[in-house]
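Colleague: Before we discuss the assignments, please display the sequence and the coordinates. I shall then ask on what grounds each term is applied.

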2 protein chains.
Amino acid sequence: MADVPEEAVPAAGPSVKLRDVALAAGVDPSVVSRVLSGDRRLSVRPETRARVLEAAARLNYRPNRAARTLKTARTMVIGMVVPDLANTAYSLIAQGAERRAAAAGYILMVMRGSVPDGLEELRGRVDGLLVAAATSDGSYFRSLLGDIPTVLVNRKEPGDIPAVLVDDEAGAAVAVRHLLALGHSRVAHVAGPQNADTARRRLRGYVSALAAAGAEARPEWVVEAPVYDEAAGHLAATTLLGLEPRPTAIFAANIRLAIGALAATRRLGLSVPEDVSIVGFDDTPLAAFLEPPLTTVRMPLAELGELAVESLLGEIEGRRATDVLVSLPPELVVRASAAPPPAA
Amino acid sequence: MADVPEEAVPAAGPSVKLRDVALAAGVDPSVVSRVLSGDRRLSVRPETRARVLEAAARLNYRPNRAARTLKTARTMVIGMVVPDLANTAYSLIAQGAERRAAAAGYILMVMRGSVPDGLEELRGRVDGLLVAAATSDGSYFRSLLGDIPTVLVNRKEPGDIPAVLVDDEAGAAVAVRHLLALGHSRVAHVAGPQNADTARRRLRGYVSALAAAGAEARPEWVVEAPVYDEAAGHLAATTLLGLEPRPTAIFAANIRLAIGALAATRRLGLSVPEDVSIVGFDDTPLAAFLEPPLTTVRMPLAELGELAVESLLGEIEGRRATDVLVSLPPELVVRASAAPPPAA
DNA sequence: CTGTTAGCGCTTTCAA
DNA sequence: TTGAAAGCGCTAACAG
């Protein structure tokens with residue numbers, strides 16, 4: 001006689017249902033349902049509960065999610081839409097979101113893409129949506145959404161969709177003040193695409209920090225990168241460094257932009273930070289290994305993710321969410337790309 | 001009398017069901033179902049079909065997914081598990097996967113995490129799984145999976161889970177041959193974590209390319225990075241460059257490792273590529289903006305994603321999948337980090 | 001060409 | 001403390 005492992009996983013046969021467990025435990029399916037969902041306010045004789053639990057375990061029962069969803073009108077999944085996966089910022093946000101979602105019994109699933117595409121496909125598969133993808137038209141957007149509870153993650157759009165934000169304006173100001181404190185008087189800005197709310201807020205922070213310090217600000221010291229990537233940063237910085245007199249410092253609105261700016265500076269035969277200082281926005285492990293290591297400002301992105309889910313859970317429960325600003329302060333990560341300006 | 005916009009989106013009231021559409025169109029729900037799911041082999045009088053379509057549109061009907069899933073036992077979602085979102089390689093794979101999935105009417109949702117965590121939560125929410133997360137124990141893994149159709153993406157584990165792979169071994173060989181052709185005779189390797197299948201295959205490619213060329217290979221020229229990140233690459237390269245005689249070229253098993261190696265080299269006061277040449281594995285836009293721009297090998301990752309879905313769809317349909325190797329060749333992206341060795 | 005019928009597997013009153 | 005019954009919204013035979 002061959003040994004049959006006791007815990008053998010049953011082959012892909014017909015799956016075991018609530019009814020099978022009920023049969024095996026000698027009770028009604030409804031009892032099994034109540035026991036297994038841990039219905040607190042239900043009195044079940046301990047021995048009955050034990051029998052049910054034992055049967056469920058023995059039969060390796062897995063509730064059918066579609067049936068449960070059909071009945072309860074809840075999927076217990078939260079969707080997150082991001083414009084592109086390969087961005088460490090989104091990954092940090094997702095981590096926070098995931099943690100908070102898990103604590104509430106939800107799972108987080110992420111979809112790449114713009115909202116208009118993915119939306120129809122998501123309806124009915126998620127209980128709520130975190131939208132981190134860029135959008136320019138909030139109301140168009142709302143109508144697409146229909147009644148899916150949604151919160152915008154670090155972007156505020158016209159319209160009534162609640163947003164959770166980090167203080168990008170303050171973060172930008174931290175960067176600029178650092179440069180000013182180092183003694184720079186010609187601080188330029190590689191701005192992000194101005195159709196993105198994040199980029200606008202960072203630009204505002206740059207402008208207001210300069211103003212608050214009474215420092216000089218010239219319109220030509222701001223150049224907008226049409227997208228958040230290295231090539232765009234390279235191009236913008238090249239323009240900036242061609243100015244006369246040349247800016248001695250550049251604050252880039254994003255890490256990829258900063259990397260492009262760094263490359264541009266060196267390709268112009270200038271050195272960082274001796275000739276020009278550079279500060280980037282959003283931190284990543286990579287920053288420490290650039291040449292020179294890049295000074296950046298780190299935003300509380302994991303907390304952003306957590307709070308966004310927090311807010312979304314409220315919406316799912318029918319509470320009307322309001323905008324929230326993550327209260328943790330931005331943090332300057334000082335490395336080597338910013339130093340005092342050359343003694344002109 | 002107030003104007004009521006005709007296309008007003010109904011408030012979050014009770015949603016419209018198949019029955020409502022049927023009522024409005026004056027037909028039976030089953031007819032609506034058939035018309036809307038585009039059942040080809042069904043004859044419906046054109047005018048009936050038109051009435052149904054019109055009613056559905058007017059009422060803004062959205063099928064209830066849970067009900068459909070309960071009935072059909074299909075979710076039409078493919079899950080993808082990745083170890084971390086912030087890796088451009090996964091993002092490329094996901095793009096390919098998404099495209100192929102969409103063509104078959106599926107959507108792709110990605111989950112971060114290791115398989116053991118996420119799995120129980122995924123069962124019943126996806127029809128199949130693409131696993132790109134590292135695993136060391138394939139059989140343990142299979143038992144967790146139960147009967148969820150799965151394909152491993154660019155990792156082969158012992159056990160019977162089908163895998164779709166790119167030819168990492170050939171890719172590594174391309175890199176090494178490039179270095180050899182440049183005239184290097186002391187080519188070292190920063191290997192990835194050897195519990196990862198990708199890392200093992202790349203190491204194999206390094207070894208066999210050296211052997212095929214009759215070039216010298218020394219055990220101390222290979223150092224393993226315990227993880228695929230910049231810090232580990234930095235450390236490994238530092239060790240390598242302390243060797244006597246010093247290797248004149250380094251092939252790094254991954255882009256992040258290569259970036260760390262680049263930084264290490266410079267921090268040792270050596271220059272790239274004058275003193276030492278570096279070639280990385282997997283390409284990213286960033287590579288062109290490093291100092292110097294990094295020569296890399298680009299693998300057909302989008303195709304990997306497509307083929308993985310292809311294979312998974314087969315499994316979902318009950319066909320037993322076999323391992324497949326993406327046939328597109330690796331491509332060397334020549335930039336500036338590799339050059340002939342210094343005239344010793 | 002269209003309607004009838006019978007569930008899919010679960011949860012949740014309500015009744016015993 | 002447990003069981004009975006109804007139904008979530010859809011699809012897919014089968015019948016007409």
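**Cores and a sheet in a predicted model**

Modeller: Ile78(A), Met80(A), Leu130(A), Ile278(A), Ile78(B), Met80(B) and Leu130(B) touch the most other members of the largest nonpolar core, which has 150 residues. This is a predicted model, in which local features need pLDDT of at least 70, side-chain atom pairs count only at pLDDT 80 or more, and totals for chains, interfaces and linings use all residues. Residues are numbered from 1 along each chain as its sequence is written, chains are lettered from A and ligands numbered from 1 in the order in which they are written, and side-chain values use heavy atoms, with hydrogens and water left out.

Colleague: What makes a set of residues a nonpolar core?

Modeller: The members are buried Ala, Val, Leu, Ile, Met, Phe, Trp, Tyr and Cys residues joined through side-chain atoms within 4.5 Å; buried means under 20% relative accessible area (1.4 Å probe, protein chains only).

Colleague: Why are strand 6 and strand 8 of chain B called paired?

Modeller: Pairing requires at least two bridges found by DSSP; strand 6 (residues 187–191) and strand 8 (residues 249–252) of chain B have 4, in the parallel sense, so the two strands pair. The bridge partner of His189(B) is Phe251(B). Strands are DSSP runs of E, at least two residues, numbered from the N terminus.

Colleague: Why do strand 7 and strand 12 of chain B stand at the edges?

Modeller: The open sheet has the order 7-6-8-9-10-12 (chain B), with mixed pairing. Strand 7 (222–224) and strand 12 (331–333) of chain B each have a single partner strand, so one side of each is left without a neighbour in the sheet.

Key:
Buried means under 20% relative accessible area, exposed over 50%, partly exposed in between (1.4 Å probe, protein chains only).
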